[in-house]
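Trainee: I would like to learn how to read helix packing. Can we work through a case together?

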Amino acid sequence: QGGALDRERAFARVIVPGEAFAELNSDRGGAKVRRVGPIVQRRAVPDASERRAGRGALATRLGTPFSELVVTMLGGGVAADRTAQLQAVAAISEARTGRLNLVVVWPGAVVPPGLAGWTHTRVVQTRDALSLCLLADLVISAAGYNSFHEILYHGVPAIFVPQMAVYMDDQERRARAASDRGLAETVLAHELLLLDREIAAFLDLGKGDRVRAALAATELPAPGNRAAAALILGEEAP
């Protein structure tokens, strides 16, 4: 905290993006601090016909027809080894006819080589994970700030598997803030049997539809993108 305060002295103002839920926001203040709403990349949510077309184009591009799409994005293994979780989702997907498990990672990320052996799993390196999430029936994701808010604000059913490295932000607390409200589910990294049950609940027992409906009915804080941009451009007096 002392280091952060030292760095703060170098700036005319410090912009603090908010979280989706009030209990996750810090009470940090100060003359230089400006608070804005959550910073969220926004995309138009595709309607049913656009979603079908997007899924069809994806199947053609990958050469893999599918009727059910799971997007898995648990990070590139820098904060923690995610091999066990990635292999578990791949194994679960392998047993389901017509399911495609799309493992999404940033370009250059390290991917466990064993994933290449699964016929229903493909690995995609991209900086545009959101476009794929909008086509998915279920997203299985870490609960970092960007992914978490993009999933919630676009109404995507998700299971959050928080990163647990000590130097990360409190991803479990963030994930549980959503799952406690019925807006997602939280599964910890070691809970592989629970992960199996939750995937089945989302895709086979209607939980995905219930979460999607709950997200559509929830009013989240207004995004702070414009306010942050105005502050950066100096349109508010310091």
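Mentor: Start with handedness. A crossing is left-handed if the near helix is turned anticlockwise from the far one by less than a right angle, and right-handed if clockwise. Here α3 and α7 cross in the right-handed sense. Helices are DSSP runs (H or I, at least four residues), numbered from the N terminus. This is a predicted model: local features need pLDDT of at least 70, side-chain atom pairs count only at pLDDT 80 or more, and totals for chains, interfaces and linings use all residues. Residues are numbered from 1 along each chain as its sequence is written, and side-chain values use heavy atoms, with hydrogens and water left out.

Trainee: At what angle do the axes of α3 and α7 cross?

Mentor: Axes are lines fitted to C-alpha atoms, for helices over the stretch in contact, and angles run from 0 to 180 degrees between N-to-C directions. Helix α3 (residues 83–94) and helix α7 (residues 192–204) cross at roughly 40°. Their axes come within 10 Å. Angles under 35 degrees count as roughly parallel, over 145 as roughly antiparallel, 65 to 115 as roughly perpendicular and the rest as oblique. So α3 is oblique to α7.

Trainee: Which residues of α3 and α7 make the contact?

Mentor: Contact means heavy atoms within 4.5 Å. From α3 come Ala84, Gln85, Ala88, Val89 and Ile92. From α7 come Leu192, Leu195, Asp196 and Ile199.

Trainee: What about α5 and α6?

Mentor: Helix α5 (residues 145–153) packs with helix α6 (residues 171–179) at about 10°, axes 11 Å apart. They are therefore roughly parallel. Tyr145, Phe148 and Leu152 in α5 meet Arg174, Ala175 and Ala178 in α6.

How values were computed
Helix = DSSP H or I, 4+ residues; strand = E, 2+ residues; numbered from the N terminus.
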